Amino acid sequence: MNFMRGYVAVIDRANRWIGRVVMYGIFIMMGILLWSSISKTFFLPSLWTLEMAQFAMVAYYILGGPYSIQMGSNVRMDLLYGEWSDRRRAWTDAITVFFLITYLGVMIYGGYDSLSYSLQYGERSPTAWRPYLWPIKVIMVVGLFLMLLQAISELFKDILRLQGDDIPREVI
């Protein structure tokens, strides 16, 4: 049980910090899209702006995912769940998190395979700008791995709740 509490504390703290930093990435995206609008209106349009905004959005979404899981901001069907006891919710969450862990494992496997291909062959985007794709694929694999660690943390929280430990939803 002490291992689980320690794991939860470390992973939650790390993902909270990363999530709080990454959430300001919205301003980076706004700056890129603002520059895109200005350059299209007053200068020659920049080739890089749309694709760079897409890359920034991927980083924002993928690296913010673990923080979203930690905060319970994910979408769930609350028709029955909201009326259940804490113990029944913990059981349900403990069972369903295995589906998430399996899904993330498959995604990491595919992401790693795609990343290795990208690094091996110097894969580039087929657009006029032609950036290398490996940097965004690294971000995707790291983000998926952080989500997997957070899902395991949520599983440990549910197990601790089922054992009668009064662990808060957010451990820092």
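Helix axes are lines fitted to C-alpha atoms over the stretch in contact, and angles run from 0 to 180 degrees between N-to-C directions. The model is predicted, so local features need pLDDT of at least 70 and side-chain atom pairs count only at pLDDT 80 or more, while totals for chains, interfaces and linings use all residues. Residues are numbered from 1 along each chain as its sequence is written, and side-chain values use heavy atoms, with hydrogens and water left out.

Helices are DSSP runs (H or I, at least four residues), numbered from the N terminus.

| Helix | Residues |
|---|---|
| α3 | 49–71 |
| α6 | 134–162 |
| α2 | 25–42 |
| α5 | 86–121 |

Helices α3 and α6 pack at about 10 degrees, their axes 8 Å apart. The pair is therefore roughly parallel, a term for angles under 35 degrees. Contact (heavy atoms within 4.5 Å) involves residues including F55, I62 and P66 of α3 and I139, L146 and K157 of α6. By class, this contact has 14 nonpolar, 4 polar and 2 charged residues; Ala, Val, Leu, Ile, Met, Phe, Trp, Tyr, Cys and Pro count as nonpolar, Asp, Glu, Lys and Arg as charged, and the others as polar.

Helix α3 also holds M52, one of the residues making a nonpolar surface patch of about 1000 Å². Patch residues have over 30% relative accessible area (Shrake-Rupley, 1.4 Å probe) and no salt bridge, with nonpolar side chains joined within 5 Å. Helix α2 gives the most to the patch, with 4 residues.

The whole structure has 5 salt bridges, each a side-chain nitrogen of Lys or Arg within 4 Å of a carboxyl oxygen of Asp or Glu. R89 pairs with D86, the closest N and O atoms being 4.0 Å apart. Because they lie 3 residues apart in α5, about one helical turn separates R89 and D86.

How values were computed:
Helix = DSSP H or I, 4+ residues; strand = E, 2+ residues; numbered from the N terminus. Parallel < 35°, antiparallel > 145°, perpendicular 65-115°, else oblique. Patch = residues over 30% accessible without salt bridge, like charges linked within 9 Å, V, L, I, M, F, W, Y side chains within 5 Å.
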